[in-house]
Amino acid sequence: MTTQPENGPEAETNSGSTSASGTSVANTSVSGALLEMRGITKRFPGVLANDSVSFDVQGGEVHTLLGENGAGKSTLMKILFGMYSADAGEVLLEGRPVDVSSPSAAIEAGIGMIHQHFMLVPTLTVTENVALGLPHGVRPDLDVVRSRVGELSEQYGLAVDPDVYVWQLAVGERQRVEILKALYREIRLLVLDEPTAVLTPQEVDDFFVTLRALADDGRGLIFISHKLHEVMALSDRITVLRDGRVVGSTTPGETDRQELAEMMVGRQVKLASVQRQPADSSGESNPADLDYDARPANDARLVVTALDVAGDRDGVPPAVRGLSLEVAPGEILGVAGVSGNGQRELAEAIAGLRRPLTGSITLDGFELVGASPQRIRRSGLSFVPEERMRDGAIGDFSVSENLMLVDHGEPAHAVRGWLKLGALNKRAVDLVDRYQIKTPDVSTPTSSLSGGNIQKMIMARELSSGPSVLLAAQPTRGVDVGAAEYIHERLLAQRDEGTAVIVISEDLDEVLALADRIMVMFEGRVVGTVHRDRCTVEQLGLMMAGG
Amino acid sequence: MAEFFTASVLVTTFAAGVRLAMPFLLAALGETLGQRSGVLNLGVDGVMLIGAFFAYWTVLETDSRLGGIAVGLLVGLAMGVLYAVVTLVFHAEQGISGIGIFLFGLGMSELLFQELVGTPFPIPALTEVAIPLLSDIPGLGDMLFNHSLLVYVGVVLVVVFTWVINRSTFGLNLRAVGENPEAADSLGVSVVRTRAIAILIGNALAGMAGAALTIELGTFQNNLTNGIGFIAVALVYFGAWRPLGVLAGSFLYGLVTATVTQLKVLDIVSGAAASLTTTAPAVLTVLALAVIARRTASQPAALTVPFERRR
């Protein structure tokens, strides 16, 4: 990498106003582009993840890469960052081919990446995390790193204590550490893979100010997101990928959310968040009028009282603290909050997978605390877990086997311990058909299905028992738009049939689209529970920040 | 029982305990390094055995005790190369391949002993090096400051390892690689190289621990270690992956072993009771682990997880 002299001025003179001009056309050189990826092709067994993708970024611009899960965004970025090697195509930085055969080569070339799953070592301090991998002598020069980290966080408004351990930081702070790591390495191109998923709406606003400042200093930013309003707010340019191909490039001025969504999916879609906007987002409603203790209209079916649930780490406060909630038949309670505020532990406690420290959970008066997951299910609770491949399905099992996981012991499905495979298969075929699960066969291994279809399969299994309470955690995370739409319809239909539904989601748009009442969690506590039709996004955002 | 609690017996027993602790300490320090990098090596005992045999044979043939220790270290290094290839290149399941290394070391040391030596001739022990002034302190001097060079090396290594793990660049890489190898990799830290270095040093120390054991005992026999290598692995958990903790655990084991031996020598326990007291170290391991097992927070998160970049 020593043959890579600083060539800043050229990039900087081309930055700014020219940003919208360079619509990407395959195989034509874009003059002055900071980054050019030409004809990138990557094959995985059975999938063409990138099909001759060309993409460029100017210095000073935010270029968004938009697409559904599996469209090839992450693959393209992992090629750029040296985590995958491309089968064909080349990467040019400031017009020169650049070696991106490994992450360290990419870093040396000036490329930084903020991964969706943070690349931090929790048992090291902030300073040590930044210092990791830098050229050091026998001893790392932590004092130098610490003071530079201080300067950078001052300059870009990335406040974080350099001497605390990363495991002690909140998710938003961890993201700042990631950005500091990249800035410390003087990157010229920064890739951000769905960075806003862990932030409250207000934090997103601050974050965008920081990103804009980074771009204004001449850096090129690649922003990956599927949240269309954020894409519209932040981007200078937008390139849409579908099925591994570029389907088009545009600018926020030339398009709207509806059109972007259709480019992503390749057909007409109804956008849940467009369909159903919050009551008033102009900020005119008076927060004092808001009822922060909204109760269900009917008698509650599931009642959680004063629940404390421990998290995974010792020596810190419980992940859920003094939490109470009620859900009535025929309503959806949305649980909103930034990731890592106790939602996962709450869900696991209700489903019986994690024993609460104190408190009670009753379903129609029956105490669930201490009961086995099987007993809890028999009492009428269905659970769609957050980690669907860990808690919701067994990858090596066939679709049919996964569909029978919960109720294979019922008399209709087994006689004296022997499965009635014929009947079970017949039911599986029926469920695959009814829930529009796209699979070649019910004997197909589940791991070969797409995320959306695995989620539909889990929904089919959980709903077919006719639950009286349905608990769905992150029901559409990592699911393509089409399947997400279908899952939303199913959840609403289940509510209309009289099921008490809890939807836990970090996606505020999803909560707004589905819930009748919204409960906001922060640091394991309930900040408030409000009626969906009487709150604004701003109010919810403040609540998500603990206010 | 009274004859045990005399000043001279207590001092002798304690001094013997310190000496006996060394094989535990060296092997467990090496294993600590490996585990902090995320690699579990259950083959420590096998590496110790094969290192012990070669050290014994070297001393028998050349009369050089330091030469024997050096050979033990090199043989351990060679076993480390084998284990690094198996775990880092072929990404083998660490628990199983470690057991393979153990069985290899056990069988190979027996075979070589039968073929090359046959009869357990005695070899000379290491001479003691008294530390000036300190060794003249009554009691304490003989307990701590009148030992072979190996004991001082072991204690110095504890300090060195503590510094390396917590303060050096290599230690920073080591901790990162053991906790989150993907993160280390994304910053250009070579996971394979860091783990390879940790494995090589760890195995070299295991080989040296075997050499220390055979020279301390002054002879070799089949399965000389009698499970010390496995206890060393347990000591890493006991010491919560810190060299100082490992030192404390090793001393505890050395002292218990020395006490049991002394009680038998003095005929305080005999017959079946004597055999039963031999299990004391093992019982202690189980008890210690039962208590320690609750503190899993300090265990390297990526322990036993192979690292492989997808291509």
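In the predicted model, helix H2 (residues 44-62) of chain B packs against helix H4 (residues 94-117) of chain B, with axes that come within 6 Å and cross at roughly 20°. H2(B) and H4(B) are therefore roughly parallel to each other, and their crossing is left-handed. On the side of H2(B), the contact involves Asp45(B), Gly46(B), Val47(B), Leu49(B), Ile50(B), Ala52(B), Phe53(B), Trp57(B) and Leu60(B). These residues meet a set from H4(B) that includes Ile101(B), Phe102(B), Leu103(B), Phe104(B), Gly105(B), Leu106(B) and Met108(B), as well as Ser109(B), Leu112(B), Phe113(B), Leu116(B) and Val117(B). Sorted by class, the contact of H2(B) with H4(B) comprises 17 nonpolar, three polar and one charged residues.

Helix H6 (residues 149-167) of chain B and helix H7 (residues 169-179) of chain B pack at an angle of about 70°, and their axes are 5 Å apart. This angle makes H6(B) roughly perpendicular to H7(B). H6(B) contributes Val164(B), Ile165(B), Asn166(B) and Arg167(B) to the contact, while H7(B) contributes Phe170(B), Gly171(B), Leu174(B) and Arg175(B). The contact of H6(B) with H7(B) has four nonpolar, two polar and two charged residues.

Contacts also link the two chains. On the chain A side, 23 residues are in contact with 20 residues of chain B. Helix H3 (103-108) and helix H4 (126-131) of chain A each supply at least two residues of the side that touches chain B. Of the elements of chain A, H3(A) gives the most to this side, with three residues. By class, the residues of chain A that touch chain B divide into 13 nonpolar, six polar and four charged.

For chain A as a whole, the mean pLDDT is 86, and 90% of the residues reach 70 or more. Over residues 1-29 of chain A, however, the pLDDT is below 50, and this stretch has 49 contacts in the model beyond near neighbours in sequence. The pLDDT is also below 50 over residues 273-287 of chain A, a stretch with 25 contacts beyond near neighbours in sequence.

Several strand pairings were found in chain A. Strand E1 (residues 35-44) of chain A pairs with strand E2 (residues 47-57) of chain A in the antiparallel sense, over seven bridges. Within this pairing, Arg43(A) has Leu48(A) of E2(A) as its bridge partner. The two strands E1(A) and E2(A) form a hairpin with two residues between them, and Gly46(A) in the turn has a positive phi of about 80°. E1(A) also pairs in the antiparallel sense with strand E4 (residues 88-93) of chain A, over five bridges. Here the bridge partner of Leu35(A) is Leu93(A) in E4(A).

Further along chain A, four strands form an open sheet in the order E12-E11-E14-E15, with antiparallel pairing. Strand E12 (320-327) and strand E15 (366-367) of chain A stand at the edges, each with a single partner strand, so one side of each has no neighbour in the sheet. Strand E11 (residues 302-309) of chain A pairs with E12(A) in the antiparallel sense over five bridges. Val303(A) is placed opposite Glu326(A) in E12(A).

Another open sheet of chain A contains six strands in the order E16-E19-E20-E13-E21-E22, and its pairing is mixed. Strand E16 (381-384) and strand E22 (525-531) of chain A are the edge strands, each pairing on one side only. From one strand to the next, the twist averages 15°. Within the sheet, strand E13 (residues 332-336) of chain A and strand E20 (residues 500-504) of chain A run parallel and are joined by four bridges. Leu333(A) stands opposite Ile502(A) in E20(A).

Helices of chain A pack on this six-stranded sheet. Helix H17 (residues 481-496) of chain A touches E13, strand E19 (469-473) and E20 of chain A, and its direction makes about 150° with that of E20(A). Helix H19 (residues 537-544) of chain A also packs on the sheet, where it touches E13, strand E21 (517-522) and E22 of chain A. The direction of H19(A) makes about 30° with that of E21(A).

Note on methods
Residues numbered from 1 in each chain as written. Chains lettered and ligands numbered in written order. Predicted model: local features only at pLDDT ≥ 70, side-chain atom pairs only at ≥ 80, totals over all residues. Axes fitted to C-alpha atoms, helices over the stretch in contact; angles between N-to-C directions. Parallel < 35°, antiparallel > 145°, perpendicular 65-115°, else oblique. Left-handed = near helix turned anticlockwise from the far one by under 90°. Contact = placed C-beta atoms within 7 Å. Nonpolar A, V, L, I, M, F, W, Y, C, P; charged D, E, K, R; others polar. pLDDT = per-residue confidence, 0-100. Pairing = 2+ DSSP bridges.
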